[in-house]
Amino acid sequence: MFEALWPLFSVVIGIVFLLILIIYLKLNTFISLILTAICTGILLGMPLDKIIGTIETGMGNTLGHIALIFGLGAMLGKLLADGGGATQIADTLIDRFGRHYVQWAMVIASFIVGIALFFEVGLVLLIPLVFTIAKRMQMSQLKIGLPMVTALSVTHGFLPPHPGPVVIAQSLNADIGQVLLYGFIVAIPVTIIAGPLFVKIAPHLSGTAFHKEGNISSLGATKTFQKSELPSFRLSVFTALLPVILMLVATIWQLVTGHQKEATDFIEHIVYFIGTAGTAMLIAVLFAIYSMGLHLNRSMSDIMDSVTKAITPIGMMLLIIGGGGAFKQVLIDGGVGKTVEHFFIGSELSPLFLAWLVAAVLRLALGSATVAAISTTGIVLPLLQTSDVNTALVVLAIGAGSVFCSHVNDAGFWMFKEYFGLSVKETFLTWSMVETIISVSGLIFVYILSLIV
């Protein structure tokens, strides 16, 4: 019995070891992941001369697919921010919705911006706007800030081209277009529940938090735009949503024609090629160079400076994602997935719930949503081979689990706490509650969707 359970014990020991390296020894996350992958491989009884090869395979398979999308996504987001598109989207929606519906305006603006910008970038970009609006309308900063971070977190957890959903889809061989389509169906109600609706309840949980004044001095000077310098609202929205539109067109075409496996004529070949994630992102970046650059009379050198600066901050994130892929590959090659499969064969437990549960536990332990999501695929992948569950829905279930209950081991927890000037308890009752609601309601809607598709 002990031998049968040893692979699972090895995973637990590996996770504890990873936590010690990151939290107590303050070691870099990427280095910690590689050390943990090596130690876990040894505990699983893998031949020593095979462990590094497994790590290289895991990193290569993970980054080989995501580096293109991740890099182009960072460029698109930076072009949108530096060109004023993100500012125009937020300003226009807030002006049109007015004071009474300002929270809904912030949700919609953050959702649109969040598709193109990674969570941390979107947070840094939109928080100054939150503070400005709160002061102008004499409202609590948190009443506007919570809907904003909700939308950013939902897009981060459920929608490509964000790294978590893209890597999970690649690992599970899921159709990324279906992930995007079903992701929208799930993300919209989840955002409404965890955003504007929860904000009505949140003051009763922690009333003091809604009277706090935040501090964003650490962000430094933020770029401001004159009205005449901004691109139009329609052009800004179209630029942000262009990769989504291209991928959705290809997916809907596939669903209507029933030709999911391969194109049958020249037109379909073109549609599927353009709708591929990498192609769609490249087209969007090229369009953004025009719409957020040349169209606004920015010089090409200035535009390319934005592109270059977009890549610098994501270098370490790419390594961390690769490290997560290495750890995942060790779990797969070490037989952990087979152990999980053995215990759940014949079980009536839904694979969707299992995928969510594993991701949620890893999120609690590791802090990083992306690392938790990637590691989960290595554990549940063999189980899915004996199930007929839609893999696109499994991607969303893992994405939901990976944002569960952000707490003190997550950088997002501390960013939110410091920016809004909250205590640890207040952060738990606001930010951590929002993340938990996103996670649980996300699982519920994914399960409901599984009964339909």
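Helices (H or I, at least four residues) and strands (E, at least two) are DSSP runs, numbered from the N terminus.

## Basis of the description

The structure is a predicted model, in which local features need pLDDT of at least 70 and side-chain atom pairs count only at pLDDT 80 or more, while totals for chains, interfaces and linings use all residues. Residues are numbered from 1 along each chain as its sequence is written, and side-chain values use heavy atoms, with hydrogens and water left out.

Ile193 belongs to helix α9 and is partly exposed, with a relative accessible area of 31%; here buried means under 20% relative accessible area, exposed over 50%, and partly exposed in between (1.4 Å probe, protein chains only). Contact means heavy atoms within 4.5 Å, and, not counting residues up to four places away in sequence, Ile193 touches Phe198, Ile437 and Phe445. Its C-alpha atom is separated by 24 Å from that of Pro128, 65 residues apart along the chain.

Thr150, placed in helix α7 (residues 141-158), is buried at 0% relative accessibility. When neighbours within four places in sequence are left aside, Thr150 is in contact with Thr191, Ala194, Gly195, Val434 and Ile438. With Ala194 there is also a polar approach, since a polar atom of the Thr150 side chain lies 3.3 Å from the backbone oxygen of Ala194; a polar contact is a pair of N or O atoms within 3.5 Å, where within protein one must be able to donate a hydrogen and the other to accept it, and residues adjacent in sequence count only if both atoms are side-chain atoms.

## The nonpolar core

A nonpolar core is a set of buried Ala, Val, Leu, Ile, Met, Phe, Trp, Tyr and Cys residues joined through side-chain atoms within 4.5 Å. The largest such core has 149 residues, of which Ile89, Leu123, Leu146, Met148, Phe158, Ile398 and Phe420 touch the most other members. For Phe158, the residues touched, not counting those up to four places away in sequence, are Pro165, Val179, Gly183, Val186, Val190, Leu396, Ala400, Ile438 and Gly442.

## Salt bridges

Side chains of opposite charge can pair when their charged atoms come close. With a salt bridge taken as a side-chain nitrogen of Lys or Arg within 4 Å of a carboxyl oxygen of Asp or Glu, the count comes to five. One of them joins Glu426 and Lys212 at 2.7 Å, N to O; Glu426 lies in helix α20 (residues 424-450) and Lys212 in the loop between α9 (176-205) and α10 (233-257), so the pair ties together parts that are 214 residues apart in sequence. Glu426 counts as buried at 7% relative accessibility, whereas Lys212 is partly exposed at 30%.

Another salt bridge pairs Lys78 with Asp82, with the closest N and O atoms 3.6 Å apart. Because these two residues are four apart in helix α3 (residues 48-82), about one helical turn separates Lys78 from Asp82. Lys78 is partly exposed, with a relative accessible area of 26%, and Asp82 is buried at 15%. A salt bridge also links Asp302 and Arg298, whose closest N and O atoms are 3.0 Å apart; Asp302 is partly exposed at 34% relative accessibility, while Arg298 is buried at 12%.

## A helix crossing

The axes of helix α5 (residues 102-116) and α10 come within 8 Å and cross at roughly 65°, where axes are lines fitted to C-alpha atoms, for helices over the stretch in contact, and angles run from 0 to 180 degrees between N-to-C directions. Ile112, Ile115 and Ala116 of α5 make the contact with Ala240, Leu241 and Val244 of α10.

## Loop residues

Glu229, in the loop between α9 and α10, is partly exposed with a relative accessible area of 41%. Its side chain reaches the backbone nitrogen of Gln226 at 2.9 Å, and, leaving aside neighbours within four places in sequence, Glu229 is in contact with Gly83, Thr224 and Leu296. The C-alpha atoms of Glu229 and Gly84 are separated by 7.6 Å, although the two residues are 145 apart along the chain.

Asn297, in the loop between α12 (277-291) and α13 (300-311), has a positive phi of about 65° although it is not a glycine, and is exposed, with a relative accessible area of 74%. Cys405, in the loop between α18 (391-401) and α19 (411-420), has a phi near 40°, a positive value in a residue other than glycine.
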